[in-house]
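Work through these exercises with the model open in your viewer. Try each task before reading its solution.

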Amino acid sequence: MAVTELALAAFLRRHGWENAARCYRIMTLDDRLGLLPPEQRARAAPGADTGLRYHSAFAAFDEIRASDGVLYWADFLHMAGYVRHLEELFARRGIAAGAQLAQLLLLDGAAEDVLAKSVTFGTSLLFNTLHDERDAAYGTALRRFLRDAKRVWVRDALSAARVAHLRGDYDTGYFGVDCALLLSREDVLREAAEPGAPCEPHDAGSVLAFFGREPSAREQLTTVAVEMGRALDRPVCWLRWGDSGGFPHLQPRPETIADTRFTTVQGLLGALAHASAVVTDTYHLAVTAWNFGVPAICAFTGHTLGGDDVSSGAAFNWRDKREVFYSQYDALDFLIRPEELADEALLARRVAHVKAMLRDVALHELITGRMRAHARAAEAALAAEIAGARLV
């Protein structure tokens with residue numbers, strides 16, 4: 001995810017650690033884009049390149065374990081569904097990668113001193129289940145990793161509860177933040193102002209829309225976006241937040257919403273930093289908007305039975321990450337629920353409520369302020385852990 005990568009760059013820069021860090025990925029950007037057809041690859045590349053350079057983690061087991069410290073950054077890195085997804089992805093390419101993934105993501109088989117210098121920050125175990133924990137291979141490796149790692153900070157309260165249960169430790173605080181919250185609006189504006197940085201024109205104050213996760217709600221969300229534009233007397237513009245590689249159900253821009261020219265990461269985030277509101281069904285767009293002080297109206301339609309859902313997990317163990325995030329920071333006034341999308345009268349009531357909430361600037365500031373205060377505290381704790389352990 002480009003935003004969390006840029007947040008890592010900003011974090012390292014703030015603490016003077018750019019030259020001390022070496023970054024690794026399971027799959028490089030070139031490898032990921034290589035899975036797309038050529039035309040889609042060309043469209044996706046500008047919005048995926050954050051400037052960070054990664055090395056292949058598969059080729060660096062010994063190097064990683066011999067380093068001064070290991071920092072796992074963001075997302076689902078230790079989650080059972082993510083490990084399964086990667087195993088299936090590599091299997092389709094004729095690669096049996098299960099053991100290597102466990103070694104990389106859970107430090108399975110690593111010596112105790114390697115785990116003792118490892119920190120994980122901003123990950124999530126939200127979609128894990130007791131069935132996953134009972135899996136002999138995964139569950140054992142996960143417990144050992146969580147028990148012996150130097151520090152664990154997860155991005156949501158439910159994951160923090162799971163870590164406490166698995167470690168049998170109800171005293172330590174595991175509730176961290178999404179790494180995207182460490183990328184500030186000021187970071188984005190400063191980067192855009194640097195000489196030689198790509199600079200694209202911005203439509204100040206636009207209502208930005210992007211629907212990439214809920215194809216069945218496309219019509220309702222288009223209507224909501226238009227209504228928000230009217231309420232704020234602002235144009236409504238489409239933000240090309242993702243590509244079909246990351247959003248398999250992505251559909252063309254609705255004809256009633258104007259297009260934008262933003263294609264680079266800098267252009268997309270610059271547009272977001274200047275927006276007046278966002279309408280979306282996409283987790284990280286909503287997270288980043290709120291962090292920039294932009295109210296984000298987000299919708300979710302419920303859950304699918306077709307396997308693991310990237311937004312809500314496995315069938316019959318559903319926990320929608322958008323609902324969890326909005327609940328944590330008291331932003332539920334701006335969350336459109338499944339029953340509202342399915343009922344025209346309920347949706348009309350929600351739209352009227354959101355319009356009123358958009359006029360309550362003090363409410364926006366309270367929500368964003370809560371997120372930023374949490375992010376500042378989490379960053380300070382992480383920086384102190386790294387510096388105190390001489391990991392850099």
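**Exercise 1.** Which residue in β4 is the bridge partner of leucine 71?

*Solution.* Keep in mind that this is a predicted model. β3 covers residues 70-75, and β4 covers residues 118-123. The two strands run parallel and are joined by five bridges. Now go to leucine 71: its bridge partner in β4 is valine 119.

**Exercise 2.** Find the strand order of the open three-stranded sheet, and name its edge strands.

*Solution.* The order is β3-β4-β5, and the pairing is parallel. Next, look for strands that pair on one side only. These are β3 and β5 (151-154), the edge strands.

**Exercise 3.** Which residues touch the most other members of the largest nonpolar core?

*Solution.* This core has 85 residues. Trp73, Leu269, Ile297, Tyr326 and Phe334 touch the most other members. Take Tyr326 as a case. Leave out residues up to four places away in sequence; its contacts then include Trp290, Ile297, Cys298 and Phe334. A second, separate core has 43 residues, among them Ile64, Leu106, Leu107 and Val152.

**Exercise 4.** Which element gives the most residues to the lining of the second largest pocket?

*Solution.* The volume of this pocket is about 360 Å³. Its lining has 20 residues. Leu6, Ala9, Arg13, Thr50 and Glu191 lie nearest the centre. α1 gives the most, with five.

Definitions and conventions
Residues are numbered from 1 along each chain as its sequence is written. This is a predicted model: local features need pLDDT of at least 70, side-chain atom pairs count only at pLDDT 80 or more; totals for chains, interfaces and linings use all residues. Side-chain values use heavy atoms; hydrogens and water are left out. A nonpolar core is a set of buried Ala, Val, Leu, Ile, Met, Phe, Trp, Tyr and Cys residues joined through side-chain atoms within 4.5 Å. Buried means under 20% relative accessible area, exposed over 50%, partly exposed in between (1.4 Å probe, protein chains only). Contact means heavy atoms within 4.5 Å. Two strands pair if DSSP finds at least two bridges between them. Helices (H or I, at least four residues) and strands (E, at least two) are DSSP runs, numbered from the N terminus. On a 1 Å grid over the protein atoms alone, a cavity is a set of points where a 1.4 Å probe fits but cannot get out, and a pocket is an open set with protein on both sides within 12 Å along at least five of seven lines; lining residues have an atom within 4 Å of a point. Grid points are joined across faces, edges and corners, and a volume is the space filled by probe spheres set on the points.
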